[in-house]
Amino acid sequence: MSIALLIEQLLNGLQLGVMLFLMAAGLTLIFGVMGLINLAHGSLYMVGAFACAAVAAATGSFWIGLVASLIAAAAAGAIMEVTVIRRLYERDHLDQVLATFALILIFSEGTRWLFGSFPLYLDIPPLLQGAVPLPGGGQYQLYRLAIIGVGIVVAIGLYFLISRTRLGMRIRAGEADREMIAALGVDIRTLYTVVFALGAALAGLAGALVGALQSVQVGMGEPALILAFVVIVIGGIGSIKGALFGAILVGVVDTMGRFLLPKALALMIPAAQAGPIGAALASMLIYVVMALILAFRPSGLFAAQS
Amino acid sequence: MKKIIAAGIFGLSLATSGLAYAEPVKIGVITTLSGGGAGLGVDMRDAFALAMKQSGNKDVELVIEDDAQKPEIAVQLAEKMIQSDKVDLLTGIIWSNLAMAVVPNAVAQDIIYLSPNAGPSALAGAKCNQNYFNVAYQNDNFHEAMGQYANKDYKKTFILAPNYPAGKDSLTGFKRYYKGELAGETYTQVGQTDYAAEIAQIRDSGADSVFFFLPGGMGISFMKQYAQSGVNIPVMGPGFSFDQDILPAVGDAALGVKNSASWSKDLDNEANKAFVEAFQAEYKRLPSVYAAQSWDTANLILSALGKASVKDKDAFRAALKAADFKSVRGEFTFNTNNHPVQNIYVREVIKEGDVLTNKIVGTAFEKHGDAYAEQCKM
């Protein structure tokens with residue numbers, strides 16, 4: 001095992017973490033501000049990927065597609081909030097889970113109806129194609145580095161938005177005491193719609209970025225959604241900082257587990273068995289980590305005050 | 001007047017008795033029409049329905065239902081079709097885990113099941129059944145062919161498949177015929193979308209080639225990421241990851257890749273030409289290997305219906321086993337375990353104008369059966 005391989009795997013973990021952060025940030029924001037469990041967050045991720053693929057195919061430009069994905073996901077999120085989600089804030093979590101699960105089915109079949117059953121094509125823009133050399137003699141895919149960059153920019157942007165702007169102040173106030181900020185004359189309904197659209201746009205961005213790496217197909221959002229839930233549970237529900245640290249922890253642990261566990265097992269048992277057993281253990285690893293963290297910090301690493 | 005009526009009634013009774021001979025046949029089609037794997041099921045259904053339509057056989061009625069790629073739904077649908085729809089035949093399942101859930105139970109109730117795709121090793125060996133006909137392949141077949149092919153050019157192959165029964169069948173099949181050294185053997189998660197960690201290991205392994213089996217969206221993700229990673233080691237795989245349903249989504253990254261399948265659109269026989277032409281005319285897209293297998297399944301059923309009544313199970317099974325139909329795969333016979341004996345070809349991904357497709361570049365096996373037939377006691 002060379003240093004180059006280790007660096008490459010660490011970057012892979014970081015890139016997966018950053019992608020998860022984009023999903024988890026919106027999810028945790030929506031839960032923190034509105035107390036809503038949104039299972040359909042993965043559908044917004046899918047909407048972003050399909051919008052990007054369709055617009056990129058029509059215009060020939062990935063960048064226009066990327067802008068379209070932000071707009072489409074934010075619009076889908078806003079419409080979803082106004083028509084369905086708004087009625088769920090006062091209900092208990094079971095009703096929210098049922099209603100947003102129904103939204104998953106509606107989005108999936110609606111997308112199939114519009115785009116058909118076959119996966120769409122979305123390629124990496126020419127500017128970001130290929131690989132760049134790494135210190136230690138390895139190579140790394142340029143596009144993945146760009147995703148890491150986007151994630152860092154979004155994290156910094158969210159930090160400023162929440163700590164330095166009027167909207168951010170209202171979001172924080174909304175998390176702390178809903179009734180009070182409504183009594184102070186803040187239009188809480190609009191605030192909720194804006195927060196929901198913001199979270200949706202972040203999910204759409206993640207979908208579009210990842211769509212160029214993998215296949216753009218119906219149902220692509222749900223696996224990412226499960227990981228995003230693990231991230232926000234580890235990070236502390238409602239905390240953006242927790243989402244960032246949780247996402248990077250999950251990304252790195254998952255990647256390194258997939259890489260190192262089969263190798264470690266191969267030292268102890270025959271290689272033919274080490275492969276499948278190691279792979280099975282690696283797929284459990286992040287859940288084991290989650291269980292351990294919850295055992296010691298039941299409300300996550302950076303629990304929001306409640 | 002009375003005589004005329006009597007003659008009329010007599011004539012009618014003759015006509016109805018004539019109809020009674022060509023009795024209606026109900027075929028239950030359980031396939032995946034929603035979710036990530038729907039592309040495969042849609043191709044299966046479309047080809048099957050088109051073959052039935054073209055035959056002009058008015059007695060066949062299709063009951064088509066969506067299993068959503070979930071074993072429990074497939075089991076419920078099979079029960080419903082057997083108990084309340086009273087289907088004579090079942091077919092349609094794409095995925096091996098669904099086939100394992102449905103087939104043993106259905107054939108035990110004396111329902112004949114014809115597989116247009118899945119071919120798990122358990123059903124080919126000890127658990128084979130006279131009511132189970134596989135018209136596609138045994139799961140290991142395409143992988144065996146790639147292992148055989150790899151011997152020609154490669155000495156150190158890195159192999160990769162998802163961690164589930166068909167994935168293990170796949171690597172077992174490859175290793176059964178591959179004589180070189182393995183640079184690595186990795187199992188990935190089912191439904192995995194990011195292969196950066198695996199690609200890094202491939203880069204580090206010193207392999208001279210990569211063999212992977214990643215069906216559906218998994219293969220698309222892998223190929224796109226591999227092409228951008230800067231790794232230049234040649235890849236190969238079974239035809240599933242390079243078929244007509246996913247090539248448009250993979251794009252030029254797939255060009256030149258060698259893959260194995262029992263069928264290709266350029267296979268030179270009359271039945272295949274007619275099939276490709278009819279499918280394209282009807283659906284405005286090229287057929288996949290799933291469509292081809294499904295077309296053959298439909299035509300096999302039609303050939304058997306022409307020979308025997310579906311109610312006479314023994315005669316109908318014998319008529320199926322004769323495989324007296326024009327397969328789009330050329331020569332096709334059934335082995336002792338009711339699985340195909342057929343040629344497996346090596347194909348290469350090429351571009352015809354703007355369309356990515358496959359052409360045959362070699363034959364890995366001629367008249368190839370499977371490794372499990374000996375364990376089948378029928």
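1. Contacts of B:Asn299. In this predicted model, B:Asn299 sits in helix α12 of chain B, which covers residues 289-305. Setting aside neighbours within four places in sequence, B:Asn299 is in contact with B:Ala51, B:Phe325 and B:Lys326. Is B:Asn299 buried or exposed? B:Asn299 counts as buried because it has 22 C-beta neighbours inside 10 Å, and the cut-off for buried is 20 or more. B:Ser209 is 90 residues away from B:Asn299 along the chain. The C-alpha atoms of these two residues are separated by 39 Å.

2. Domains of chain B. Two domains are assigned. Domain 1 takes residues 18-137 + 267-334, and domain 2 takes residues 141-261 + 345-374. Their centres, taken over C-alpha atoms, are separated by 27 Å. The contact between them uses 17 residues from domain 1 of chain B and 17 residues from domain 2 of chain B. On the domain 1 side, α2, α4 (96-108) and α5 (121-124) of chain B each supply at least two residues. Of these, α2(B) gives the most, with three residues. By class, the domain 1 side divides into eight nonpolar residues, eight polar and one charged.

3. Strand β10 of chain B. This strand covers residues 258-261, and both of its faces are covered. B:Lys258 and B:Ser260 are buried on one side. B:Asn259 and B:Ala261 are buried on the other. Which strands does β10(B) pair with? Strand β9 of chain B (residues 235-238) runs parallel to β10(B), joined by three bridges. Strand β12 of chain B (residues 340-352) runs antiparallel to β10(B), joined by four bridges. B:Ser260 takes part in both pairings. B:Ser260 is the bridge partner of B:Pro238, and B:Ser260 also stands opposite B:Val346 in β12(B).

4. Contact between chains B and A. How many residues does each chain bring to the contact? Chain B brings 33 residues and chain A brings 38 residues. Five helices and strands of chain B each supply at least two residues to the side that touches chain A: α2 (38-55), β7 (181-188), α8 (196-205), α9 (217-228) and α10 (247-250). The most comes from α9(B), with six residues. The chain B side divides into 10 nonpolar residues, 18 polar and five charged.

5. An unreviewed UniProt entry carries the annotation "transmembrane region" for several spans of chain A, including residues 16-37, 44-64, 70-89 and 101-122. How do the model's coordinates look for two of them? Residues 16-37 of chain A are 86% helix and 0% strand, with end C-alpha atoms 23 Å apart. Residues 44-64 of chain A are 90% helix and 0% strand, with end C-alpha atoms 18 Å apart.

6. Helix α3 of chain A. Helix α3(A) covers residues 62-83, which makes 22 residues. From first C-alpha to last it reaches 31 Å, close to the 32 Å expected at 1.5 Å a residue. Among its buried residues are A:Phe62, A:Gly65, A:Leu66, A:Ser69, A:Met80 and A:Glu81. Several alanines are buried as well, including A:Ala72, A:Ala73 and A:Ala74. What do the buried residues of α3(A) pack against? They pack against α2 (41-59), α4 (93-115) and α8 (188-211) of chain A.

Methods
Residues numbered from 1 in each chain as written. Chains lettered and ligands numbered in written order. Predicted model: local features only at pLDDT ≥ 70, side-chain atom pairs only at ≥ 80, totals over all residues. Buried ≥ 20, exposed ≤ 12 C-beta atoms within 10 Å, placed from the backbone. Pairing = 2+ DSSP bridges. Contact = placed C-beta atoms within 7 Å. Nonpolar A, V, L, I, M, F, W, Y, C, P; charged D, E, K, R; others polar. UniProt positions renumbered as here; feature names shortened; annotations may be inferred. Expected span 1.5 Å × (residues − 1). Domains from an automatic or database assignment.
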